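Please read these points with the structure open beside you.

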Amino acid sequence: MRSVSRVVFLAVVSMVLVACNDSQSSPEPSSGPSSEPPPAPASATLLVSPASVEMVAGSATAVRATVTNTSSSVTATAVSAALPSDWRDITEDASGCATLAPQASCILSFTPATTTHAATTVSISGTNATAISVSLQVSLPGSANISVDPAVLSLVAGGGSLGTIRVTNNSTVLAATGVTADLSGTLLANAIGVDASECASVAPGASCAITFTPGNTAVSATSFPIQGTNTNTVAGTIAVHLPASAMIRVTGSPLVLAGSYGTPAAGTLTVTNDSTVLTATNISATLVAPLTGAVTEDASDCVSVAPGANCTLTFTPGTNAAAATSVVIHGDNTSQAGASIAVNAATPTISISPTALTLYAAGTADTITVTNTGSQPALNIGATIAGTALAGKLTVTGNTCGSTLAAGASCTLSLTPGSAAAAATAINIAGGNTGTVSAQIGISVQIGQNYLGGIVFFINGDGASGKLASAADLTSLPWGGSGTATGATSFTSGTQNTATIIGMLGTGSSYAALECHDYTGGGATVGTWYLPSITELQSLLIVAYGNSAFGSLAGHYWSSYELGGTSAAIVDSVSQNFSSDAKVNAEPVRCARTF
């Protein structure tokens with residue numbers, strides 16, 4: 001009412017002022033008649049309503065002021081408000097007041113942004129209209145507008161799981177304060193914990209979370225208010241449901257029972273209902289083979305298990321043994337839990353003879369005897385070769401142990417070597433219910449054995465590596481490079497000498513060292529074979545003398561040892577002594593390689 005009275009008062013004052021102006025501008029009455037008309041007023045006079053305009057920051061809502069040209073004859077033009085320089089965020093629309101006829105009205109509109117401005121007197125005028133003042137101000141809104149998501153929240157009782165409702169402050173200028181959920185007076189009041197600490201102050205455009213922690217009580221969908229100290233009120237709804245199943249856990253696993261080979265004794269598994277709200281019913285274990293014929297179960301203690309309580313499943317062994325077996329334990333309305341049960345899982349002991357065995361590549365099988373030295377049957381005894389250096393080189397071709405080896409009994413494992421040598425390697429021999437013993441198995445080669453395309457003439461201490469000679473002589477060849485000192489002077493390393501010779505003489509012509517380098521007997525790659533040194537050639541000829549496996553060896557053989565620019569060492573096939581020969585002479589060649 002005070003605002004309306006003020007507007008009426010200002011309007012009356014304006015009309016009085018107009019009347020005064022009109023009377024002051026009229027000429028004094030003359031004493032005589034005059035033909036001159038009175039002069040036209042110099043400018044139009046304006047009236048503004050309301051005289052005080054208040055806008056709300058962030059509302060983006062235009063506020064209007066009506067401007068009336070109270071002049072009777074002068075048209076006002078370009079009427080607008082002269083906003084202060086720091087009010088640049090205010091949008092003024094004066095398009096309707098570009099031309100204002102006498103006694104006509106137009107609208108000036110002002111649209112606020114997000115900045116507040118104190119009440120300020122602003123002048124409204126036109127190019128030919130007297131200025132009139134109006135009070136403008138931009139104030140903060142009375143409250144912040146909030147919204148929530150989700151509006152409906154479903155929680156599970158007793159699970160300890162949290163739920164959140166996010167509150168968004170839709171105001172662009174006003175921080176929302178003290179936002180919380182009020183559960184008082186509802187069914188939720190004692191059934192849910194509320195944490196609204198994150199929402200103590202929510203900046204314009206920001207969001208926060210109100211967290212709800214369910215207790216152990218189920219509650220149907222119930223609505224409640226959410227609001228702050230300076231916000232609107234919105235509704236939230238929460239329902240608390242009982243869980244679909246009770247979570248259970250099992251202790252006492254693995255369970256080992258003494259059965260047919262000892263005194264039968266029952267064992268137990270303890271099942272705990274970890275639910276805080278749901279009673280678990282009819283809990284039992286699902287027995288599978290081989291337990292189905294070896295164990296009986298008593299689940300009578302677990303027919304009904306209150307929240308937080310536990311019960312006992314009892315298992316009694318029969319006369320059959322059973323290896324450790326996984327079982328599933330659950331109730332009508334529970335989660336699943338796993339356990340392991342074994343009958344007579346005490347470990348039988350076994351021994352083997354021999355503990356070390358040497359086989360020969362591509363040779364015949366040999367056997368290891370396994371004896372059950374325990375008091376219980378040993379189950380499914382076998383040898384594990386996979387994952388060792390013998391994999392692919394050794395095969396178990398016979399096993400007389402069967403599925404059960406009685407206490408005190410023995411059986412055999414037949415091991416057959418392949419064609420590849422291997423150093424002595426440990427393999428494990430065990431049963432499904434026994435300890436593990438190891439056997440050292442090596443696959444060796446023999447002097448004079450045809451192996452990898454050559455003939456074995458030297459074996460290292462591991463029995464699986466050594467040196468081979470080519471199966472036959474190469475065509476007689478010169479040593480090569482007469483007149484050139486190559487520096488091939490290693491008495492023991494033919495590989496070193498061969499590389500040195502080829503490095504000096506190249507590959508342009510045929511000579512002994514190059515022919516061995518290029519030899520691919522046994523599918524070897526180029527560079528595998530070499531011309532042997534003096535000691536290597538002597539070793540070859542010693543074991544080959546009189547051994548038909550090496551074929552016919554006669555005469556003097558080139559070694560890779562150089563004696564000078566024109567001569568190199570040869571070794572006599574009978575005496576194994578070395579002497580000198582001219583490099584240009586053709587002599588027989590036996591190549592060598594390592595394996």
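1. The charged end of Arg-593 sits over the ring of Trp-529, at 5.9 Å from the ring centre. A charge is said to sit over a ring if NZ of Lys or CZ of Arg is within 6 Å of the ring centre and within 35 degrees of the ring normal. Lys-467 also meets this description: Lys-467 lies over the face of Phe-458, 6.0 Å from the centre of the ring.

2. A word on the source. This is a predicted model, in which local features need pLDDT of at least 70 and side-chain atom pairs count only at pLDDT 80 or more, while totals for chains, interfaces and linings use all residues. Residues are numbered from 1 along each chain as its sequence is written, and side-chain values use heavy atoms, with hydrogens and water left out.

3. Where is Arg-593 placed? Arg-593 belongs to strand 49, residues 592-594. Strands (E, at least two residues) and helices (H or I, at least four) are DSSP runs, numbered from the N terminus. Arg-593 is in contact with Lys-467 and Trp-529, and also with Leu-452, Gly-466, Leu-468, Ala-524, Thr-528 and Tyr-530, when neighbours within four places in sequence are left aside. Contact means heavy atoms within 4.5 Å.

4. Which side chain of opposite charge is nearest to Arg-593? That side chain is Glu-536, and it is 11 Å away. Arg-593 is buried and has no salt bridge. Buried means under 20% relative accessible area, with exposed over 50% and partly exposed in between (1.4 Å probe, protein chains only). A salt bridge is a side-chain nitrogen of Lys or Arg within 4 Å of a carboxyl oxygen of Asp or Glu. For charge, Lys and Arg count as positive and Asp and Glu as negative, while His and the chain ends are not counted.

5. The count of aromatic pairs is five. Rings of Phe, Tyr and Trp (its six-membered ring) pair if their centres lie within 6.5 Å; planes under 30 degrees apart count as stacked, over 60 as edge-to-face and the rest as tilted. Phe-212 and Phe-224 make a tilted pair, with 5.9 Å from centre to centre and 55° between the planes. This pair links distant parts of the chain, 12 residues apart: Phe-212 is in strand 18 (residues 207-214) and Phe-224 in strand 19 (residues 219-227). Phe-212 has 0% relative accessibility and so counts as buried. Phe-224 is buried too, at 2%.

6. A further pair is that of Tyr-451 and Phe-595, which is edge-to-face because the planes are at 75°, with the ring centres 5.3 Å apart. Tyr-451 lies in strand 41 (residues 450-451) and Phe-595 in the segment after strand 49, so the pair ties together parts that are 144 residues apart in sequence. Tyr-451 and Phe-595 are both buried. Elsewhere, Phe-491, Tyr-561 and Phe-578 form one aromatic cluster.

7. How many disulfides does a search of the whole structure find? The search finds five. A disulfide is a covalent bond between the sulfur atoms of two cysteines. The cut-off used here is a pair of cysteine sulfur atoms within 2.5 Å. With bonded cysteines counted along the chain, the pattern is 1-2, 3-4, 5-6, 7-8, 9-10.

8. One of the disulfides joins Cys-199 and Cys-208, with 2.0 Å between the sulfur atoms. This link is right-handed, with 105° about the S-S bond. Cys-199 is buried at 0% relative accessible area, and Cys-208 is buried at 1%.

9. Cys-302 and Cys-311 form another disulfide, again with sulfur atoms 2.0 Å apart. The torsion about the S-S bond is about 105°, so this disulfide is right-handed. Cys-302 is buried, with a relative accessible area of 0%, and Cys-311 counts as buried at 1%.

10. Cys-401 is joined to Cys-411, S to S 1.8 Å. The link is right-handed, with 75° about the S-S bond. Cys-401 is in the loop between strand 36 (394-399) and strand 37 (404-405), while Cys-411 is in strand 38 (residues 410-417), 10 residues apart. Both Cys-401 and Cys-411 are buried.
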